[in-house]
Amino acid sequence: MDTTPLRDAYRTLLDAAATVADAGDTGVAPPAGEWNAEQILAHVTMINAVTINAVSLIASGANATYDNRLALDTWTLGRVIERAGGDAGLRDRIRLQGDALCALGGPMLSEAELDTPVPTLLLSNGTLLVDQPIPLRNLLTGLVEAELPGHTKQLLALLPEGARPEAAQ
């Protein structure tokens, strides 16, 4: 599996996170019920951890499941933020997790492992998105196609309108 798109998606997310961090107090407060930059980054680190776990379990011949509910819990997000050391620590963690996923999800896994169905439960804003087995390959491409770009856009929305890159407006 070519992990170049995954590596690029992480780079784009981390660039957006750095831009938001550099904006500091000049950024826009998230709308009520939405996450701030640190919460978004904590969520991404938790999704990364769940994905790394699933990849590792499948590579070891074990059964894996994929469930994002814990990554939606605001108390847990706060705990992850604190333990990572805030924004800079979260960005560093995401960078390292992205490197790990690109190494694990690429040449290490066989086609059969990438095609292994993983019982998956995905929610977003209280809405059930997926409740069925998904091939591991699709979980990885889901990071590239939806998860990371969605959170990149969410981060860039925290910038003042004039400071947003064209693609985020």
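D92 is partly exposed, with a relative accessible area of 36%; buried here means under 20% relative accessible area, exposed over 50%, and partly exposed in between, with a 1.4 Å probe and protein chains only. The structure is a predicted model, in which local features need pLDDT of at least 70 and side-chain atom pairs count only at pLDDT 80 or more, whereas totals for chains, interfaces and linings use all residues. Residues are numbered from 1 along each chain as its sequence is written, and side-chain values use heavy atoms, with hydrogens and water left out.

The side chain of D92 forms a salt bridge with that of R95, at 2.5 Å from N to O. A salt bridge is defined as a side-chain nitrogen of Lys or Arg within 4 Å of a carboxyl oxygen of Asp or Glu. R95 is likewise partly exposed, at 38% relative accessibility. Both residues belong to helix α4, where three residues, about one turn of the helix, separate R95 from D92. Helices (H or I, at least four residues) and strands (E, at least two) are DSSP runs, numbered from the N terminus. The pair is part of a network of salt bridges that links R7, D92, R95 and D99.

Helix α4 (residues 87–105) also holds R91 and D87, which are four residues apart, again about one turn of the helix. Their side chains meet in a salt bridge of 2.7 Å, N to O. D87 is buried, at 16% relative accessible area, whereas R91 is partly exposed, at 23%.

In helix α1 (residues 4–23), R11 and D8 are three residues apart and therefore separated by about one helical turn. A salt bridge joins their side chains, with an N to O distance of 2.9 Å. Both residues are partly exposed: the relative accessible area is 44% for R11 and 34% for D8. Side chains of opposite charge can pair when their charged atoms come close. In total, the model contains eight salt bridges.

The largest nonpolar core has 47 residues, and those with the most contacts inside it are L101, L136, L148 and L155. Such a core is a set of buried Ala, Val, Leu, Ile, Met, Phe, Trp, Tyr and Cys residues joined through side-chain atoms within 4.5 Å. At least two residues of this core come from each of α1, α2 (37–59), α3 (74–84), α4, β2 (117–124), β3 (127–135) and α6 (136–156). Helix α2 supplies the largest share, 11 residues.

With neighbours within four places in sequence left aside, L148 is in contact (heavy atoms within 4.5 Å) with L6, A9, Y10, L13, V44 and L143. D8, found in helix α1, lies 10.0 Å from L148, C-alpha to C-alpha, although 140 residues separate D8 and L148 in sequence.

At the start of α2, a side-chain oxygen of N36 comes to within 3.1 Å of the backbone nitrogen of E38. After α2 comes G61, which has a positive phi, near 85°.

Terms used:
A polar contact is a pair of N or O atoms within 3.5 Å; within protein, one must be able to donate a hydrogen and the other to accept it, and residues adjacent in sequence count only if both atoms are side-chain atoms.
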